[in-house]
Amino acid sequence: MGCDRNCGLVTGAVIGAVLALFGGILMPVGDMLIEKTIKKESVLEEGTIAFKNWVKAGANVYRQFWIFDVQNPEEVAVNSSKIKVKQRGPYTYRVRYLAKDIISQDSKTHTVSFQRPKGAIFEPSLSVGTENDTFTVLNLAVAATPHLYPSTFVQIILNVFIKNSNSFMFQKRTLKELLWGYKDPFLSSVPYSIPTTVGVFYPYNNTADGVYKVFNGKDDISKVARIDTYKGKKHLSYWPSYCGMINGTDGATFPPFIEKNRVLQFFSADICRSFYAVFGAEINLKGIPVYRFVLPSRIFASPLQNPDNHCFCTEKIISKGCTLYGVLDISKCKEGKPVYISLPHFLHASPEIAELIEGLSPNEEEHSTYLDVEPITGFTLQFAQRMQINILVKPAKNIVALKDLKHNYLVPILWLNEEANESLCTSYIRTIINIDLQNEDLICFIFAKYTL
């Protein structure tokens, strides 16, 4: 006898009940299996997926540069006028393409040590010009002289070499020279044994950063990739108190199972300090739900706005007694050179900071820093780390190139954006948990479920 409508309804109800029962059983089991897999594959040891991607980045990482070309160098040097700049860029290099080396595991402390080789390859197709493009920029050696040699007697002597080498407050340099180094004529004329090569990032190519020692997560997955020591130290001497602590990871990955209320901490060797990011939004990145964490403006706030920053205020000139905000003096970790870090175009900085600079247009979308983190694995799938490099120039009556200045200038040299993009959901799932792609829709659904 055939099954009538009532029979169909009963059959459907039974099947639904069975599916609901098995669903109630299988979902927790699936959750446990995924959690177990993630914990296993997130450990930084030979044979795991995390280790393979950690040793060498799977995605291309690019560093873009925008140079501030000075339009009125003579007016500034002679009349102490406002500096007019024109941004030119991007000029793009591929970085972080070299695998970590000198990797050493310590089974007793559950740590792994390594160095990060540095290299930069110019990408013409992603750039507006060539490495031979020329810019009018600050003379780095001349500007640093009053800071490195405060003695009047020494300045008078060095002024002779500055004049004889025809060195001025500003100079023309190619992109390649400005970034990676050039023989400075003033320094080369000094008859003493001093470094003569100058560049914003000199030395860079064929050097290495580290040694880092990070936790591998073998005993505690919540500590994976967190930095234990940097160059053998847990605390940097450049900053007093807790400001010198080396916190978090290097930003490429974080411990898995991230929640929105977590504060992500990461360390930047280039800037010689630790930073933190807070949850900003949920983003769908090519089918993968990710959390976007952003650098809050409080990071560069003055101690009046954020008392936690009191130990980062180590100078009184630009900050006007630690009352202004938006810049960070990192000269102590740059061998005394007057280097200041800010967000591009002095985003989130006190208006007084940029009052002597014309041509800047800060905006949140182009100049803020963010990390898009997949919350289950803790992997950073996409990021944009942006910063601006500035040099403090102050009047110096004993140095002819600086004697007519009437103001302290914080001169922007360039700003950069280091970014990376990750692959599609199917490729990501294949890499992370190695499940048959026939189930890719189900897996994406499960991953989405974890991020709710």
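Reader: How many helices and strands are there in the protein chain?
Author: The model is predicted. Buried residues make up 50% of the 452 residues in the protein chain. As for secondary structure, the protein chain holds ten helices and 20 strands.

Reader: Which share of the contacts between residues at least 6 apart in sequence joins residues at least 24 apart?
Author: A contact here requires heavy atoms within 4.5 Å. Among contacts in the protein chain between residues at least 6 apart in sequence, the share that joins residues at least 24 apart is 62%.

Reader: Why is strand β14 described as largely enclosed by the rest of the structure?
Author: Strand β14 covers residues 288-294. A residue is buried when its relative accessible area is under 20%. Strand β14 is largely enclosed because the buried residues number five of the seven.

Reader: Which residue in β14 is the bridge partner of V278?
Author: Strand β13 (residues 273-285) runs antiparallel to β14, and seven bridges join them. The two strands form a hairpin with two residues between them, and K286 in the turn has a positive phi of about 55 degrees. Within β14, the bridge partner of V278 is V294.

Reader: Which residue in β18 stands opposite F293?
Author: Strand β14 also pairs with strand β18 (residues 370-373), in the antiparallel sense and over four bridges. In β18, the residue opposite F293 is L371.

Reader: At the start of α4, which residue's backbone nitrogen does a side-chain oxygen of N139 reach?
Author: Helix α4 (residues 140-148) is largely enclosed by the rest of the structure, because eight of its nine residues are buried. Among them are L140, V142 and H147. At the start of α4, a side-chain oxygen of N139 comes to within 3.3 Å of the backbone nitrogen of A141.

Notes: Residues numbered from 1 in each chain as written. Predicted model: local features only at pLDDT ≥ 70, side-chain atom pairs only at ≥ 80, totals over all residues. Heavy atoms only, no water. Buried < 20%, exposed > 50% of the residue type's maximum accessible area, 1.4 Å probe, protein only. Pairing = 2+ DSSP bridges. Polar contact = N/O pair within 3.5 Å; in protein donor to acceptor, adjacent residues only side chain to side chain.
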